[in-house]
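Work through these exercises with the structure in view. Try each task before you read its solution.

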Amino acid sequence: MSQPHPSPPAPAPPPAKPSAIKDLFGGASYLLRGLGWTARHPAQWLFGLIPALIVLAVYMAALVFLAIKVDDLAGWVTGFADGWADAARTSARIIAGVAIYGAALFLALITFTAVTLLVGDPFYEAIAVRVEESQGGAPPEPDVPLLTQIGRAIKDTLIIGGIALVFAVVFFACGFLPVVGQTVVPVVAALVSGYFLAGELTSVALERRGILRKERFARMRADRPLIVGFGVATFVVFLIPLGAVLAMPGAVAGATLMVRERLADDPLVTVGDAGMAEHH
């Protein structure tokens, strides 16, 4: 009588996913690790400053111009208050001015990363590759024509910019709400800004693996606390004067480490151009 074959061992259960709180702090730690990487590679840090400085000069000129004109804009949007008492009319215009400039800053922070990555794509692609090589190896460059890559980058920048503009208008309107507009709205704006910043910064390493915008944001939703932790930490650093410029190379490095360790299926496997097409 034949003996029954032993059953194969049951597969090991997948590792437990970190808690949301742990992921929040874990996301922030990736920014610190990225900044640490650029501190150990100062030539790469200086290399990554070039496109950020160019974009900063353009954005600063636009924000200075807005600061000069903000009183006129505030008066225009609060024309309904012309017949109010002086104190009430002045208060309405101050709130409007703060809301206009705050919305502009929000839009600038959201789009600064996208525009800088677009302008400095060769710079940040090179930094991401160096980061991956320092961790064991970088995925091969996808076999996609340069013009196709540029077109995708411009399309993504316009889409992200359009979404950011919608949020900026919403936050501008909510800024008129008493108390809430000065407390809750800035916090929500920081969370939204951080989420989209993370989406832009992870694009460098994920697109090299053939994972484009739709799939990128799907993976981000699956690890939302991690993404929010990284994005909000980056947003806070970017609020510091010149922080968006000085920290941009480190933010790209940190996002690359996060992609490699948490968002990619396999750090050294790409899906190729066919995979890119199906995700876009």
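**Exercise 1. Get an overview.** State what share of the chain is buried, then describe its secondary structure.

*Solution.* 
- Start with burial. The chain has 280 residues, and 44% of them count as buried. Keep in mind that this is a predicted model.
- Turn to secondary structure. There are twelve helices and zero strands.
- Read the order from the N terminus: α-α-α-α-α-α-α-α-α-α-α-α.
- Look at the contacts with a separation of 6 or more. Residues 24 or more positions apart make up 82% of them.
- Finish with the surface. The chain exposes about 14500 Å², and 71% of that comes from carbon and sulfur atoms.

**Exercise 2. Classify an aromatic pair.** Decide whether the rings of Y59 and F112 are stacked, tilted or edge-to-face.

*Solution.* 
- Recall the cut-offs. Ring centres must lie within 6.5 Å, and planes over 60 degrees apart count as edge-to-face.
- Count the pairs that meet the rule: six aromatic pairs.
- Apply the rule to Y59 and F112. Their ring centres are 5.7 Å apart and their planes stand at 85°, so the pair is edge-to-face.
- Check burial. Both Y59 and F112 are buried.

**Exercise 3. Classify a second pair.** Work out which type of pair Y195 and F217 form, and whether each residue is buried or exposed.

*Solution.* 
- Take the geometry. The centres of Y195 and F217 are 6.2 Å apart, with 45° between the planes, and the pair is tilted.
- Locate the rings. Y195 belongs to helix α6 (residues 180-201) and F217 to helix α8 (residues 213-222), 22 residues apart.
- Y195 has a relative accessible area of 14%, so Y195 is buried. F217 has 10%, so F217 is buried too.
- Widen the view. F167, Y195, F196 and F217 form one aromatic cluster.

**Exercise 4. Explore the nonpolar core.** Which residues touch the most other members of the largest nonpolar core?

*Solution.* 
- Name them. The core has 59 residues, and F112, F230, F238 and M248 touch the most other members.
- Zoom in on F112. Leaving out residues up to four places away in sequence, F112 touches A52, V55, L56, Y59, A244, V245 and M248.
- Note a second, separate core of five residues, with L66, V70, I100 and A104 among them.
- In soluble globular proteins, nonpolar side chains tend to be buried together.

Conventions: Residues are numbered from 1 along each chain as its sequence is written. This is a predicted model: local features need pLDDT of at least 70, side-chain atom pairs count only at pLDDT 80 or more; totals for chains, interfaces and linings use all residues. Side-chain values use heavy atoms; hydrogens and water are left out. Rings of Phe, Tyr and Trp (its six-membered ring) pair if their centres lie within 6.5 Å; planes under 30 degrees apart count as stacked, over 60 as edge-to-face and the rest as tilted. Buried means under 20% relative accessible area, exposed over 50%, partly exposed in between (1.4 Å probe, protein chains only). Helices (H or I, at least four residues) and strands (E, at least two) are DSSP runs, numbered from the N terminus. A nonpolar core is a set of buried Ala, Val, Leu, Ile, Met, Phe, Trp, Tyr and Cys residues joined through side-chain atoms within 4.5 Å. Contact means heavy atoms within 4.5 Å. Accessible areas come from the Shrake-Rupley method with a 1.4 Å probe; for residues, only the protein chains shown count as cover.
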